[in-house]
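The following note concerns the annotated sites and the ligand surroundings of the structure shown below. Please read the points in order alongside the coordinates.

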Amino acid sequence: SNIYQNIISSTTKNEKLLAVLIDPDKMELSKVSSFITKANQSVATHIFVGGSDVDEGVTDILVSEIKKHTNLPVVLFPGDVIQITDKADSILFLSLISGRNPDYLISKHIEAVPRLKNSGLEIIPTGYLLIENGKVTSVQRVSETKPIPRNHVQIISDTAKAGELLGMKLIYLEAGSGATHPIDAHIISKVKQELNIPLIIGGGIRNKTEMEEAYKAGADLVVIGTAFEKGETFFEELKK
Ligand code: 1GP
């Protein structure tokens, strides 16, 4: 597998990446074909699959269906261990380093090992930081962690750097799905300046302008979920 290497080479060439996030709890199987067809015709480069409240087995069936319709890499972005399926290509092996809940720093990872070894999934260790955005998001509720306040830019940047120094391969700054405000441009640029690994930005990005602002500030890969769920016409604006 070479999904991470492809992210690195795009980053080196300053080519921007876009992941369409599909929440298995919200996507109906019968709609996958038309949704993915639109994603294929857009500038999207990755399909991410994951959510906060997903029942066992649902992700497996969903990913199998997605794979029938696309050649884009399908990357798990799991809210829990039961969302791991070997039908995907890769997994962001997330450590919620903004928080202080040991479950999301090591316990879930141990629990995941039997599902990961021999799965064939490309495992990408990812430092995941939840940044406060003005409302309580699902990540905060499920993980029972506090987000880092948005004005604590130095702490955000040092936390991201600590993730890199621990050997994590990607840093993901998360405002939370449906966030009122996406991650601020000045937070993105500060973190980007400090990092030598690719930077993912997600949460609350609802249109092309906000997406481009994130890229301009230094995002290498932007993740968008809600804006595609709400209206697939958003794909029209993002045609290749
Ligand atoms: C959530 O970062 C992702 O984990 C995407 O958020 O649904 O707000 O696009 P949205």
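Two residues are in contact here if their C-beta atoms, placed from the backbone, lie within 7 Å. The model under discussion is predicted.

1. Ser 52 and its contacts. Leaving aside residues up to four places away in sequence, Ser 52 touches Gly 79, Ser 138, Val 139 and Val 142. Ser 52 itself lies in the loop between β2 (46-49) and α3 (58-69). Because 18 other C-beta atoms lie within 10 Å of Ser 52, this residue is partly exposed.

2. The site of two residues. The unreviewed UniProt entry places a "binding site" feature at Asp 23 and Ser 52. These positions are spread over 30 residues of sequence, yet they cluster in space, with a largest C-alpha distance of 8.2 Å.

3. Asp 23. The loop between β1 (17-22) and α2 (32-40) holds Asp 23. Asp 23 is buried, because 22 other C-beta atoms are found within 10 Å, and the cut-off for that class is 20 or more. Its contacts, not counting residues up to four places away in sequence, are Gly 51 and Gly 225.

4. The longer annotation. The unreviewed UniProt entry also gives the feature "binding site" at Tyr 172, Leu 173, Glu 174, Ala 175, Gly 176, Ser 177, Gly 178, Gly 203, Gly 204, Gly 225 and Thr 226.

5. Ser 177. This residue is found in the loop between β6 (170-174) and α7 (185-194). Ser 177 counts as buried because it has 22 C-beta neighbours inside 10 Å. With residues up to four places away in sequence set aside, Ser 177 touches Thr 137, Ser 138, Gly 203, Gly 225 and Thr 226.

6. Gly 178. The loop between β6 and α7 also contains Gly 178. Is Gly 178 buried or partly exposed? Gly 178 counts as partly exposed, because 17 C-beta neighbours lie inside 10 Å. Gly 178 touches Gly 204 and Thr 226, not counting residues up to four places away in sequence.

7. The ligand shell. The ligand is surrounded by 14 residues, of which the closest are Ser 177, Gly 202, Gly 203, Gly 225 and Thr 226. The elements giving two or more residues to this shell are β8 (221-224) and α9 (226-230). By class, the shell residues divide into 6 nonpolar, 7 polar and 1 charged.

Conventions
Residues numbered from 1 in each chain as written. Predicted model: local features only at pLDDT ≥ 70, side-chain atom pairs only at ≥ 80, totals over all residues. UniProt positions renumbered as here; feature names shortened; annotations may be inferred. Helix = DSSP H or I, 4+ residues; strand = E, 2+ residues; numbered from the N terminus. Buried ≥ 20, exposed ≤ 12 C-beta atoms within 10 Å, placed from the backbone. Near = placed C-beta within 6 Å. Nonpolar A, V, L, I, M, F, W, Y, C, P; charged D, E, K, R; others polar.
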